[in-house]
Number of protein chains: 2
Amino acid sequence: MASTSSAALSQALLPRATSHHDSNPSADRVSLSSRSLPSFSGLKSTNSAAIAASSRRIRPCRSLRGVVRASVAETVNKTTETSLIEKSVNTIRFLSIDAVEKANSGHPGLPMGCAPMGHVLYDEVMKYNPKNPYWFNRDRFVLSAGHGCMLHYALLHLAGYDSVKEEDLKSFRQWGSRTPGHPENFETPGIEVTTGPLGQGVANAVGLALAEKHLAARFNKPDNEIVDHYTYVVLGDGCQMEGIANEACSLAGHWGLGKLIAFYDDNHISIDGDTEIAFTESVDKRFEGLGWHVIWVKNGNNGYDEIRAAIREAKAVKDKPTLIKVTTTIGYGSPNKANSYSVHGSALGAKEVDATRQNLQWPYEPFHVPEDVKKHWSRHIPQGAALEAEWNTKFAEYEKNYPEEAAELKSIINGELAAGWEKALPTYTPESPADATRNLSQQNLNALAKVLPGFLGGSADLASSNMTLLKSFGNFQKDTPEERNLRFGVREHGMGAICNGIALHSPGLIPYCATFFVFTDYMRAAIRISALSQAGVIYVMTHDSIGLGEDGPTHQPIEHLASFRAMPNILMLRPADGNETAGAYKVAVLNRKRPSILALSRQKLPNLPGTSIEGVEKGGYIVSDNSSGNKPDVILIGTGSELEIAAKAAEELRKEGKAVRLVSFVSWELFDEQSEAYKESVLPAAVSARVSIEAGTTFGWEKIVGSKGKAIGIDRFGASAPAGKIYKEFGITVEAVIAAAKQVI
Amino acid sequence: MASTSSAALSQALLPRATSHHDSNPSADRVSLSSRSLPSFSGLKSTNSAAIAASSRRIRPCRSLRGVVRASVAETVNKTTETSLIEKSVNTIRFLSIDAVEKANSGHPGLPMGCAPMGHVLYDEVMKYNPKNPYWFNRDRFVLSAGHGCMLHYALLHLAGYDSVKEEDLKSFRQWGSRTPGHPENFETPGIEVTTGPLGQGVANAVGLALAEKHLAARFNKPDNEIVDHYTYVVLGDGCQMEGIANEACSLAGHWGLGKLIAFYDDNHISIDGDTEIAFTESVDKRFEGLGWHVIWVKNGNNGYDEIRAAIREAKAVKDKPTLIKVTTTIGYGSPNKANSYSVHGSALGAKEVDATRQNLQWPYEPFHVPEDVKKHWSRHIPQGAALEAEWNTKFAEYEKNYPEEAAELKSIINGELAAGWEKALPTYTPESPADATRNLSQQNLNALAKVLPGFLGGSADLASSNMTLLKSFGNFQKDTPEERNLRFGVREHGMGAICNGIALHSPGLIPYCATFFVFTDYMRAAIRISALSQAGVIYVMTHDSIGLGEDGPTHQPIEHLASFRAMPNILMLRPADGNETAGAYKVAVLNRKRPSILALSRQKLPNLPGTSIEGVEKGGYIVSDNSSGNKPDVILIGTGSELEIAAKAAEELRKEGKAVRLVSFVSWELFDEQSEAYKESVLPAAVSARVSIEAGTTFGWEKIVGSKGKAIGIDRFGASAPAGKIYKEFGITVEAVIAAAKQVI
């Protein structure tokens, strides 16, 4: 097989950091000496002071060819190999340049600068199977600087993924293509998460690495390390500036995620120009403070050995995540645009593309992959198949020796829920004691943790307020990663994005996370990515209204229910009592490709007659009714804590002889999905006398109550006072519902 | 005057860091030796390694009284003074304890631990005038850990602010009180900004310090430093974990905000328990990386001299902000609850209050301020008046010598807009070239910068996309702070909160900030604080729809217009062309107590006949109409880039003989505020044939189009493709409007 010799050559000549290839069962088995290699003397962990002194130098593009030639001169053997690698790297550069040029839209700068690290990762280091992008034990790669997605598409293309064929590269950023403008896991197999909004990807990567560490701790055995992969992430200056990145990286350091290796593309250019104008902190020192191991690769443009050695060093540090700062030139190879913001986010233009082809001695047509490069990469298809096959064998052994664990792990890998899992959900009767839905939520969380092996989560430092602790488990910590209570600290944004990473690691991992509902504002960008990227995270959001009382308007959500009802592909659930809370969890667990937000009360609520899990599944349903012929005098509609108020008003009105239907409207999205007949059975078009009550904005409620109905709500900020007082002052009362009902009847 | 001797005594006996008191013209003038004092030898900048080794020790509460006695033994004179200060500090502690106890709600832990630093700041260091909390040249104090607000209320009470009388302390957290559950600038004079959501306050403080540095650079003269104050902030572990804090502090370091002094209340406790469980990074090292000067006060519980010396050292470092890490015991003085999370957010309970009274030897009734403490603090009223009077004299001199600058500064101080400022706004005719509203926005920004001396702002690394550069000005940087272009880097959340600080520094400072509209998700918590705290920030949000094209769904707002229309006290403006963009800016500038968000297009839009600034001021208005008697056949309603589509549809329908009214609905909030008569004149109740079109969610549009109307919009995520293609595929077209109109007529 042709690829064998080239791979063997590569492996024989170059120090390799890929200890995992030791277990590579493909035809070209070679003994890798990397494990016994001494640590590369030309490279060491950064010294902050030295970096501060020298990191601001600008690397002029014109010297680049000289550098290539210098390395060419070293040894004959190495020359052959290096030149092929250089050719492969330039293939990545030009596939990126050409795709952006054809689309006349995109970001060529990052792929041109990061092609070397991308090449080393995908060609030499990472374990993956191109023909099964979802193979469980693959190494994960995240391009946090998602705008540079042509780098990733080019790598997937060379590696042999069916999702990125030549025609896909040619339809980059076009309608219906598999190569959208930013990486989207739901469009392109091989893409792990959805990035583009900066900082999200590195936080996702923390989640992926957390998932690996957790599963490895739970399932690995001395004789069988069935869970064993790395998580790699490339992030740029933009990601580094985002607060979410600091949040997630602080946790990664705290948790000691040793198999997380981050490449910081240190190119000193962001959209506004040189990072000098807004970003002069010492990233190295900050990451050391965050508990990371930090390495500096000074020549990211063609320092292949430096990159390899850095990865080797990173893998050797097992108790800390590693940041490899790779100094690169954005738009490397473009004679007139490299090292400037102009190459960041626009096509180079025909003239500069030509000049770059000249400069990098690239005689090929657009989108051409030279035959020797193709041949070089072709080994990844058989190697990947072999890696997976070997792992399957390993899993078969595991299954034989550890049948229980294997069954559990299997359910996490394939996402199948155990039959009858939903029977674990607690049920309630009107006689059950009144309780806050946040407490009822905790009963559900603990019940679910018993039947869902992939259920884990926690709160942003509000566990005892959000009521999110799993009582049968301890804390996931550096030395107890097998546990399932995650302690996120006060880092809502990082928490959401980490949960996205966990959810997208394996279909059977079901992460939940919690804070006060109002602080969804801190993590909204991550929640939106959950919705967009089909990550079924469960958001446990307590203290969901003015009902939280004294903490006041900074803590009282008003517009939040509406703001999520307006967001695509997310379920906004506001249960009213025990049965509805259980129903909300049933829905949330079943929706693995759609996140759910549960808005839960701080205050006690009674268990109402007529509520049900089945009702919740329909989004809106009749809780009680004394009308006949689908013709009530008035329909009262409530959600969450206000359903009780609506129920009391219904009772009063019925005493006065009115035919009153009480409807719980726990999820607008689920109701929208019901048949027209069902909707008509709950909200008959002929009945325009409708009153809604919800302790939040009335914005949007016209859709439900119609022009002739009345929506009772709060269209101002809240206030600091005991909850009952605010309800009264704001008119969220039984009396107000009765008065409104009489107006509209 | 009784207060004189006590103040003089205090000043004579204690090293003081208050060089500003040199200029104190009050009766009790004393010569302060602090400037010539050698630097305090017991204190030095932190050594990260030493801190890492020792910072985790727990300080047992039982040793506290011993510590007090040790210091008592030092000298007789000092004993007297220290015991009074200790008494004053305990007054702060017990006012906090008693208020929380009476409310049976609140956070006693922080005030008990931070009382010493609070005392030193308000009693010894800060310049302020209790009888005029808005005196321009006051030092600013921000309690970023806003839950500890009783600390601040107690200090304001002792200092003599009319906003916090004894009855206010007694009505802590009650309906209508001036002492709400978190600090709210709009409720309590003396509170600078609204905090509680963690991390916001420290970012606000960066904005306040930026404002001072900017104004000082613009207005100070060698003979008259008319702008000269410090910004102090207290932040806790929670703030430190939030990403926004890192963003803002990275900028503070970059900008070299030397007059920003942050106290980090290092108490090792957050709601979930010891910070060990989620927060083990080295904060010191991170802040050194961020370019801050870092000092560690090891005994924050009663190390008054250490605190004073730290402030002196911080003031001496003029080119960097300073973080003073003050190690304290949360709930200091409570024998059974100190140093635990149980004292963080609940009343101590009667029994523990008694025990604490015993422990701290506090024999007084609840809310009692001992006479000697009262007397000690009473000097601040005359001193504050004198400070302001002296500054007024200084300003009079300044006005005499620099009349032009004085006039400009005055307008910034009092917020009065120059007569006729709005004439600077550009105007357009249908013949003006089509242009993107982001470009038209830039014309407005540059026009406004010429007539509004307090107008400044910038973008989160998207200046050339958001079109936000002020062409007549350079970049605000460490060494060019007089300039007005702010470069925030990719730090949206920090940017928003910094702008809140700028806006709340002086009524005439009008900050704007910019990013892509979709990334309001990153800064939503700060935007909400703008709305709540009445900070008239102008949010310039470009790329406001699928119209941005190829970047795809991660970059395309869908639910964002609705999400802000649902938020109280904010103006969501979506102008359609040049005149509407100018109108949006007019509204935004006039609304100094309500933030505005301008949603602006990436793509070119024509200037439409019939649009106007006056129309925008009404929120919704008739752009064109061929009906009579207020009875059109159909009303077509558009916003922003879709007004053009609605206009074309109107034209087509009119050709077919229909009476069509075209309405621009640029701001729902402004329209809501118009008279019923006006609203009826635009949207007559009798006309139910209405069609709206907007390239965003239809959520909420039922309110405008009614049950019989039709809302054309996008209720899914966007897509990556050229903009025109997406518009067509999503049905945001002239044809769709015509078809819908025919359905509803």
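Modeller: One caution before we start. This is a predicted model.

Biologist: Start with chain A. How many helices and strands are there in chain A?

Modeller: Chain A holds 29 helices and 20 strands.

Biologist: What share of the residues in chain A is buried?

Modeller: Buried means under 20% relative accessible area. In chain A, 69% of the 745 residues are buried. Chain A exposes about 22900 Å². Carbon and sulfur atoms supply 51% of that area.

Biologist: And contacts along the sequence?

Modeller: Take contacts in chain A between residues at least 6 apart in sequence. Of these, 78% join residues at least 24 apart.

Biologist: Now helix pairs. At what angle do the axes of α24(B) and α29(B) cross?

Modeller: Helix α24 of chain B covers residues 641-655, and helix α29 of chain B covers residues 734-744. Their axes come within 8 Å and cross at roughly 55°. Angles of 65 to 115 degrees count as roughly perpendicular, and those under 35 as roughly parallel. The pair α24(B) and α29(B) is therefore oblique. The crossing of α24(B) past α29(B) is right-handed.

Biologist: Which residues make the contact of α24(B) with α29(B)?

Modeller: From α24(B) come B:Ile645, B:Lys648, B:Ala649, B:Glu652 and B:Leu653. From α29(B) come B:Val734, B:Val737, B:Ile738, B:Ala741 and B:Lys742. By class, this contact of α24(B) with α29(B) has seven nonpolar, three charged and no polar residues.

Biologist: Next pair. How do α10(B) and α19(B) pack?

Modeller: Helix α10 (residues 243-255) of chain B packs on helix α19 (residues 492-505) of chain B at an angle of about 70°. Their axes are 8 Å apart. That angle makes α10(B) roughly perpendicular to α19(B).

Biologist: Which residues of α10(B) and α19(B) meet?

Modeller: On α10(B), look for B:Ile244, B:Glu247, B:Ala248, B:Leu251 and B:Trp255. They meet B:Glu492, B:His493, B:Gly494, B:Ala497 and B:Ile498 of α19(B). The contact of α10(B) with α19(B) divides into six nonpolar, two polar and two charged residues.

Biologist: Last, a single residue. Is B:Arg524 buried or exposed?

Modeller: Find B:Arg524 in helix α20 (residues 520-532) of chain B. Its relative accessible area is 0%, so B:Arg524 is buried.

Biologist: What is B:Arg524 in contact with, leaving aside its neighbours within four places in sequence?

Modeller: In chain A, B:Arg524 is in contact with A:Asp521, A:Arg524, A:Glu559 and A:Ser563. In chain B, B:Arg524 is in contact with B:Ser563, B:Phe564 and B:Met567.

Conventions: Residues are numbered from 1 along each chain as its sequence is written. Chains are lettered from A and ligands numbered from 1 in the order in which they are written. This is a predicted model: local features need pLDDT of at least 70, side-chain atom pairs count only at pLDDT 80 or more; totals for chains, interfaces and linings use all residues. Side-chain values use heavy atoms; hydrogens and water are left out. Helices (H or I, at least four residues) and strands (E, at least two) are DSSP runs, numbered from the N terminus. Buried means under 20% relative accessible area, exposed over 50%, partly exposed in between (1.4 Å probe, protein chains only). Contact means heavy atoms within 4.5 Å. Accessible areas come from the Shrake-Rupley method with a 1.4 Å probe; for residues, only the protein chains shown count as cover. Axes are lines fitted to C-alpha atoms, for helices over the stretch in contact, and angles run from 0 to 180 degrees between N-to-C directions. Angles under 35 degrees count as roughly parallel, over 145 as roughly antiparallel, 65 to 115 as roughly perpendicular and the rest as oblique. A crossing is left-handed if the near helix is turned anticlockwise from the far one by less than a right angle, and right-handed if clockwise. Ala, Val, Leu, Ile, Met, Phe, Trp, Tyr, Cys and Pro count as nonpolar, Asp, Glu, Lys and Arg as charged, and the others, Gly among them, as polar.
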